[in-house]
Each structure stands twice: as structure tokens, then as C-alpha cells.
Amino acid sequence: MRLTEFFLPTLREAPADADIISAKMMFRSGMIRKLASGIYEWLPLGLKVLKKVEQIIREEMGKIGGNEVWLPILLPRSLWDETGRWDVYGKELCRLKDRKDSDFCLGPTHEEVITDLVRREIRSYRELPLMLYQFGIKFRDEIRPRFGVMRAREFYMKDAYSFHPDEKDAEQYYQKVFNAYKKICERCGFKYREVEAATGAIGGSFSHEFMVLADTGEEEIVSCECGYGANTEKAEVKQGAGERGQGTEKPLEEKHTPNMRTVEEVGKFLKASPKNFIKTLIYQADNEPVVALVRGDYELNEHKLQSALNCSILALADEKTIEKATGAPLGFAGPVKLKDKNIKIIADYSAEGMINAISGANKKDYHLANININRDYKPAKVTDLRKVKRGDKCPRCGKDLNFSRGIEVGHTFKLGLKYSKSMKATYLDKGGKEQLMVMGCYGIGVSRIVAATIEQSHDENGVIWPLPLAPFHVVVIPINWQDEQTKKVSEQIYDELSKKGIDVLLDDRDERAGIKFKDADLIGIPYRITVSDKNLKDNKLELKARWEKKEESRIIDIDKIVDEICSKVK
């Protein structure tokens with residue numbers, strides 16, 4: 001491609017609302033432009049990278065027997081009602097009506113559509129297993145779109161769905177996709193980690209995230225040298241990991257704490273450490289009130305609580321519900337003598353070992369001291385409910401956990417029967433008996449991979465593309481385009497490289513060399529060939545890699561440059 005024919009509107013400065021490196025670089029290098037909040041136009045340079053990512057993914061999906069399909073973006077409500085997700089998904093689901101007043105949504109994910117397709121077409125065990133995947137636009141009405149294309153309202157991804165005759169087959173195939181995702185990350189040149197993750201709104205029995213390691217990552221992950229890894233939503237805390245209290249159980253004692261509601265306020269007043277407190281939180285789980293307990297210096301993990309309760313909808317209770325359950329206003333809840341005698345109490349492991357703890361007295365302006373489990377209250381369940389924190393030990397080997405940040409680019413789910421059961425996706429087994437299909441779901445963000453690559457690979461001058469994703473492998477820069485010999489040699493190299501299948505950009509602009517060099521660095525092309533009068537006198541050219549310093553560039557014979565580039569690219 002000749003640069004004079006290529007639409008590449010670079011910018012000296014990024015827009016003021018570009019909030020992370022990748023967004024700034026993508027704007028400045030002419031990859032994207034913003035149409036509306038969270039909605040972007042992909043320009044030729046950005047689209048070239050996007051398509052290279054797509055091809056890598058397509059190749060790896062083909063290796064594990066994936067069949068590519070193209071599914072609609074506009075999805076009917078009727079399918080979402082079958083799974084109950086029309087009401088569960090929340091305001092991120094963009095809902096609309098057609099001229100007949102029928103309800104539709106813009107697809108944020110396609111479990112319902114693909115399950116409907118398969119249940120209409122698959123009849124026998126002989127047709128299983130089956131994996132279908134697509135590349136397509138997804139739409140989620142993010143409340144606060146940010147980080148450029150990283151958290152946009154409209155984004156481009158590959159989503160895949162597999163259908164199996166039984167759990168064993170599903171788990172074997174899950175491992176194939178897991179390995180394919182690792183291969184995709186490796187081919188993209190990432191430093192990455194695969195971690196255990198919560199299933200969220202997609203559902204299912206277990207899942208993994210593929211995280212590109214970057215200091216600017218929006219998600220915190222934990223890992224251990226033994227191989228364990230998880231995001232902080234999923235990271236496990238072993239029973240007994242909290243410090244166990246010592247001493248003799250004391251009688252309950254009521255403390256007057258006027259207008260003091262938080263652990264910090266009451267702790268300061270009573271001269272007690274947050275470790276001596278039980279946080280008592282009232283939630284509504286599928287519209288039923290529940291009490292969740294965790295030690296005062298820890299944070300409750302709502303994903304763990306939702307999993308422990310096996311509920312579809314979990315939310316903090318409003319003040320009216322809290323007063324009805326406890327008999328007191330917000331800020332004075334505790335596990336002892338709740339007004340609602342039938343309310344379920346679920347406690348974190350950290351509360352299990354507490355001796356003579358402090359919590360609300362379920363009475364305005366009062367707290368209770370010397371609360372002890374089983375004597376003063378009896379939880380229906382004691383389990384892992386808290387967020388992992390620095391200093392915690394690995395749940396597998398007991399060593400210190402490492403904390404780092406990452407960008408999620410892929411997510412795999414073992415769905416089980418979640419969708420096939422609600423949508424009656426069945427097949428006939430060898431005995432002619434109807435059975436439910438077991439499902440898997442596997443997503444990877446194509447547009448996210450582009451941004452994540454930039455976050456992990458850039459410098460102050462611009463992007464540094466790994467070869468597999470680079471929009472062009474090499475740029476040919478003639479110092480003086482008006483010089484006939486310079487022009488002739490530049491076009492000769494350009495033609496020869498193009499014939500060899502090398503993606504090459506010829507900067508045929510009549511611009512100063514400094515401008516050309518700055519643009520080449522900004523857009524991040526891996527190799528730069530400089531054609532200058534000085535070197536042409538000796539039949540030489542300058543070759544420099546994007547990640548090298550100026551003094552590391554090499555002078556090469558003209559007749560060897562094509563072979564040199566081919567050896568590096570191929």
C-alpha cells in the first residue's frame with residue numbers, strides 16, 4: 001500500500017476524553033474515531049489489525065472442529081423469556097420495539113439464539129458434539145463507557161458454543177478450547193495468564209478468563225507459583241484462613257452508640273479493632289431477605305454470596321426491608337435477635353472463629369459486644385464469602401499469593417444444562433431416549449485484543465506491534481521522494497516485498513524525513529527500511545526494528561534486503 005493512497009489521519013494530540021494509553025494511541029495513529037459515547041468507527045489501519053486478530057482466532061477454531069456461522073444482532077424477546085434473562089440481564093440490555101410493537105434487543109451475547117438454532121436442527125447423538133462460532137458486533141449499554149474500545153457499548157468479538165451428549169464429552173472439549181485460547185494468546189505475542197473466574201450473567205458451573213498482563217489492567221488477579229490463578233471475584237479463601245480468636249466467651253453486653261453506624265465509627269468509640277467486628281449485611285436474593293456476615297476488616301464478595309445462595313438476582317436490601325428484617329434503621333443490624341426469626345443467616349469463614357465479637361444490636365443507636373457463634377446466633381451456612389486481600393495464602397499450596405493487574409480478552413464457560421434445560425434443547429441417545437444437550441460457551445474479544453496489545457506493547461513514541469498483528473510488516477521510507485534514484489529503489493523494494501507476500505507500506509509522501517519517521521513509530525510498524533542518498537552511493541540501505549534504538553540500526557546491501565525482511569517476517 002502506498003501511503004498517498006491510504007487513509008491515515010494521524011493526530012499530534014489525543015482527544016481529551018481518551019483515558020488510557022491504548023485509546024490515546026488508537027486515536028493518534030488513525031485507527032479509530034469516536035461517533036458517540038462508547039461507539040467507534042474503525043479506520044483502515046485499525047481494521048487491518050482487527051482482521052489479523054480475527055484470522056488467528058479463525059484458524060485456531062478450525063483446528064478444533066469449529067463451524068463458523070453468522071447470527072443476527074436483533075434478537076426477539078421470546079427467546080430471552082424462555083431462559084428468564086430478559087428481566088435478569090438489567091439495563092445493559094438494549095431493548096427496542098419494532099413497528100408491530102414486538103419486543104427485541106440488540107444482542108449482548110447469543111446463548112438463546114444458538115440454542116434455538118441447534119434444538120431445531122439436531123436430532124440424534126450421531127450429530128454431536130457440535131461447535132458453532134461467529135464473529136460479530138455485540139451491544140451492551142454500559143452505564144459509563146470508558147477506556148476506548150476496551151469497555152465500549154458496541155464491540156467486536158468471537159463467541160462460540162458447543163453442544164455435547166454428556167458431561168464427560170463437554171469437559172473434554174472444554175479443555176480443547178482452553179488450549180486453543182492459550183495458543184491464540186501465544187500467537188498474538190501476549191504475556192498472559194489464564195485464571196479461574198466467576199460465571200456472572202452467562203451462568204454455568206465453572207469458567208476461566210484469559211488475562212493479558214498490564215499495569216493498566218482494569219481487573220486485579222491473584223496467582224501462585226504452584227500454577228493457581230483466579231480473578232479477585234473468584235479467588236478462594238480456605239476455611240480457617242482468618243485469625244482465630246482466643247479467650248473465654250463473655251456475656252452479651254449492650255453498648256450505646258448514638259448515630260454511629262460504621263465499623264470505623266463504632267470501633268473508634270469503643271476502642272476496638274475492625275477485626276473484632278462482624279459486618280452484618282442485609283441482601284435480597286430472588287426477592288427474599290438474607291443476612292450475610294463477614295469480619296469487620298474484610299470485604300464481602302457478592303459473587304461468592306450469590307453462588308452460595310444459588311440465586312439469580314442478588315442486591316443490597318433497601319432501608320424498608322432492612323428495618324423489617326432487623327427492627328432497626330440502617331447501620332444497626334446484627335446477627336443476634338433479628339426481628340425476622342426465619343431470615344437465613346450465611347456467614348463467612350472469618351466470622352466462624354471470632355470470640356466476643358461486636359455487631360449491631362438490631363436497635364437504634366445500640367451495638368452488642370461479646371457475640372459468639374452458635375451460642376448467640378446459628379448461621380444456616382458457613383462458607384467462603386469474602387474478597388481475597390494481600391497477605392492471603394494460596395488455597396492450593398499455602399504460599400503467599402501474588403497480586404497483579406490484567407485485561408480480560410477471553411472467557412470460557414462450562415454451561416452444563418443451564419440453557420438446554422430451559423429451552424428444551426434435546427437429542428435422542430442410542431436407545432432412542434430423549435436427553436438434554438450439555439453446553440459450553442467461549443468468548444474472545446477481537447477489538448479488546450487490539451487495545452490490550454497496545455497497553456502491553458508501546459513506548460513514548462507510539463505502538464510497538466508484534467509481527468502477527470502488525471497492520472504492515474515493514475515500511476519503506478525514501479528520504480527524498482523527489483530524487484529519481486531514491487524513488488526508483490524505493491519502488492523496486494516495495495514491489496519485490498509485495499510479490500513475496502510481505503505486508504509493506506511505501507511512504508511516498510513528499511514530506512520531511514522527521515515527519516515520516518515519527519509517523520512510522522506512532523503506527524508501530526515492526527521494520528523500517530530507510531532509502532537515502534548517502535547509503536545509495538554504496539548500494540546500501542538502513543534497516544531498523546521498531547523496538548531498537550537508532551544506534552542499533554544496520555546498513556545492508558540493497559540486493560540482500562528483501563531476503564533479510566522475508567527471513568524475519570516468515
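At what angle do the axes of helix 2 and helix 12 cross, and within what distance do they come? In this predicted model, the two axes come within 9 Å and cross at roughly 115 degrees. Helix 2 and helix 12 are therefore roughly perpendicular to each other, the class that takes in angles of 65 to 115 degrees. The crossing of helix 2 past helix 12 is right-handed. On the helix 2 side, the residues that meet helix 12 are Val 49, Leu 50, Val 53, Glu 54 and Ile 57, and their partners in helix 12 are Val 446, Ser 447, Ile 449 and Val 450. Sorted by class, this contact holds 7 nonpolar residues, 1 polar and 1 charged.

Helix 12, spanning residues 446–456, also packs against helix 1, which covers residues 21–28. Here the angle is about 105 degrees and the axes lie 8 Å apart, which makes helix 1 roughly perpendicular to helix 12. Helix 1 brings Ile 21, Ser 22, Met 25 and Met 26 to the contact, while helix 12 supplies Val 450, Ala 451, Ile 454 and Glu 455. The class count for this pair is 6 nonpolar, 1 polar and 1 charged.

The contact involves Ile 56, Ile 57, Glu 59, Glu 60, Met 61 and Lys 63 from helix 2, together with Ala 180, Tyr 181, Lys 183, Ile 184 and Arg 187 from helix 6. By class, 6 of these residues are nonpolar and 5 are charged, with no polar residues.

Beyond the helix pairs, the second largest pocket deserves a look. Its space comes to about 390 Å³. The lining consists of 20 residues, and those closest to the pocket centre are Arg 261, Thr 280, Leu 281, Leu 330 and Gly 331. Helix 7 (263–270), strand 14 (278–285) and strand 18 (357–363) are the elements that each give two or more residues to the lining. Strand 14 provides the largest share, with 5 residues. As for composition, the lining of this pocket has 12 nonpolar, 6 polar and 2 charged residues.

Methods: Residues are numbered from 1 along each chain as its sequence is written. This is a predicted model: local features need pLDDT of at least 70, side-chain atom pairs count only at pLDDT 80 or more; totals for chains, interfaces and linings use all residues. Side-chain values use heavy atoms; hydrogens and water are left out. On a 1 Å grid over the protein atoms alone, a cavity is a set of points where a 1.4 Å probe fits but cannot get out, and a pocket is an open set with protein on both sides within 12 Å along at least five of seven lines; lining residues have an atom within 4 Å of a point. Grid points are joined across faces, edges and corners, and a volume is the space filled by probe spheres set on the points. Helices (H or I, at least four residues) and strands (E, at least two) are DSSP runs, numbered from the N terminus. Ala, Val, Leu, Ile, Met, Phe, Trp, Tyr, Cys and Pro count as nonpolar, Asp, Glu, Lys and Arg as charged, and the others, Gly among them, as polar. Contact means heavy atoms within 4.5 Å. Axes are lines fitted to C-alpha atoms, for helices over the stretch in contact, and angles run from 0 to 180 degrees between N-to-C directions. Angles under 35 degrees count as roughly parallel, over 145 as roughly antiparallel, 65 to 115 as roughly perpendicular and the rest as oblique. A crossing is left-handed if the near helix is turned anticlockwise from the far one by less than a right angle, and right-handed if clockwise.
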